[in-house]
Amino acid sequence: MKLVLLGAAGSGKGTLAKKIVADFNIPQLSTGDLLREVAKSGTALGEEVKAYQQSGALVPDNVTFEVLKDRLKKSDCKNGYILDGYPRTLNQAKMLAEIADVDAVISIELDFEEIVKRLVSRRNCPNCGEIDNAEYQGYTGFCRKCQTPLFQRDDDKPEAIKARLEVYKQNITPLINFYGDKVFKVSSAGTPDETYKPVKLFLERLK
Ligand code: ADP
Ligand code: ZN
């Protein structure tokens, strides 16, 4: 099963992907995470990628595609995967179509107002990747899973958030049109479990 997850930054893409991973036994490939690894590599390419990510702009298509293609070669991808954060543009979707047939596309829908609210208070664990929110009940500033102090991503600051949402707005309609009847839309206004329920039913029927 080869799946694409569409959704703006902060719409709950990563959270939904983790639930699919747990039930359907396919890896989550996040181009944001893969590119953050490149950014940390200390190479010239890494510095370039870091600058794009910090500003909230897209990393150039050829760079992102090479990073993704490399990851797709690993053996855990042979039964399928969930692409989290790829494609983000029509051009990226066309590049992907050259190397893979996507079975379904899940598109997460959420008001931008709510997205901004979630993003400014989002906090991440540098150790295990857990995502928390400073506005949630019981928030302590430490990871719920491994107790490491949480941090705020550079691009979860207001200017970069605005830039990322603008890029998303410009690109989403051509992407939805490109994938046509492969698209399954779901709202993430409720809890993570409420969001996942219809998606799970959809994927069970797809299998
Ligand atoms: P979010 O979905 O919250 O914006 P991601 O971790 O998915 O976070 O992406 C963070 C940044 O990584 C993006 O703003 C962009 O700079 C870069 N990036 C991720 N995926 C892509 C992609 N498919 N194409 C180009 N740049 C990307
Ligand atoms: Zn942790």
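Q: What spacing do the donors of the zinc ion (ligand 2) follow along the chain?
A: In this predicted model, the pattern reads C-x2-C-x14-C-x2-C. The cysteines behind that pattern are C125, C128, C143 and C146, each giving its SG atom.

Q: What makes those SG atoms count as donors of the zinc ion (ligand 2)?
A: Distance does it. An N, O or S atom has to lie within 2.8 Å of the metal, and the four SG atoms sit at 2.3 to 2.4 Å. So they pass as donors under that cut-off.

Q: Why is the site of the zinc ion (ligand 2) called tetrahedral?
A: With four donors, the label needs all angles between 85 and 135 degrees. Here the angles among the four donor atoms run from 103 to 122°, so the site gets called tetrahedral.

Q: What do C125 and C146 tie together?
A: C125 is in the loop between β5 (122-124) and β6 (131-133), while C146 is in the loop between β6 and α7 (158-179). The pair therefore links parts that are 21 residues apart in sequence.

Q: How do you know whether C125 is buried or exposed?
A: Check its relative accessibility, which is 4%. Buried means under 20%, so C125 counts as buried.

Q: And what about C146, why is it called partly exposed?
A: C146 comes out at 25% relative accessibility.

Q: What contacts do the nitrogen atoms of ligand 1 have with V59 and R88?
A: For V59, a backbone N or O atom lies 3.0 Å from a nitrogen atom of ligand 1. For R88, a side-chain N or O atom is 2.9 Å from a ligand nitrogen. On its own, ligand 1 exposes 550 Å², and the protein buries 96% of that.

Q: What makes up the shell around ligand 1?
A: Six nonpolar, six polar and seven charged residues. Helix α2 (residues 31-39) gives the largest share, four residues. Among the 19 residues around the ligand, T31, A57, G85, Q92 and R164 come nearest.

Q: Why is E204 called partly exposed?
A: E204, in helix α8 (residues 192-206), has 41% relative accessibility.

How values were computed:
Residues are numbered from 1 along each chain as its sequence is written. Chains are lettered from A and ligands numbered from 1 in the order in which they are written. This is a predicted model: local features need pLDDT of at least 70, side-chain atom pairs count only at pLDDT 80 or more; totals for chains, interfaces and linings use all residues. Side-chain values use heavy atoms; hydrogens and water are left out. Donors are N, O and S atoms within 2.8 Å of the metal (3.2 Å for Na, K and Ca); water is not among the atoms, so sites may look incomplete. Four donors count as tetrahedral if all angles lie between 85 and 135 degrees; four count as square planar and six as octahedral if opposite donors are over 155 degrees apart and all others between 65 and 115; anything else is irregular. Helices (H or I, at least four residues) and strands (E, at least two) are DSSP runs, numbered from the N terminus. Buried means under 20% relative accessible area, exposed over 50%, partly exposed in between (1.4 Å probe, protein chains only). A residue is near a molecule or strand if one of its heavy atoms lies within 4 Å of it. A polar contact is a pair of N or O atoms within 3.5 Å; within protein, one must be able to donate a hydrogen and the other to accept it, and residues adjacent in sequence count only if both atoms are side-chain atoms. Accessible areas come from the Shrake-Rupley method with a 1.4 Å probe; for residues, only the protein chains shown count as cover. Ala, Val, Leu, Ile, Met, Phe, Trp, Tyr, Cys and Pro count as nonpolar, Asp, Glu, Lys and Arg as charged, and the others, Gly among them, as polar.
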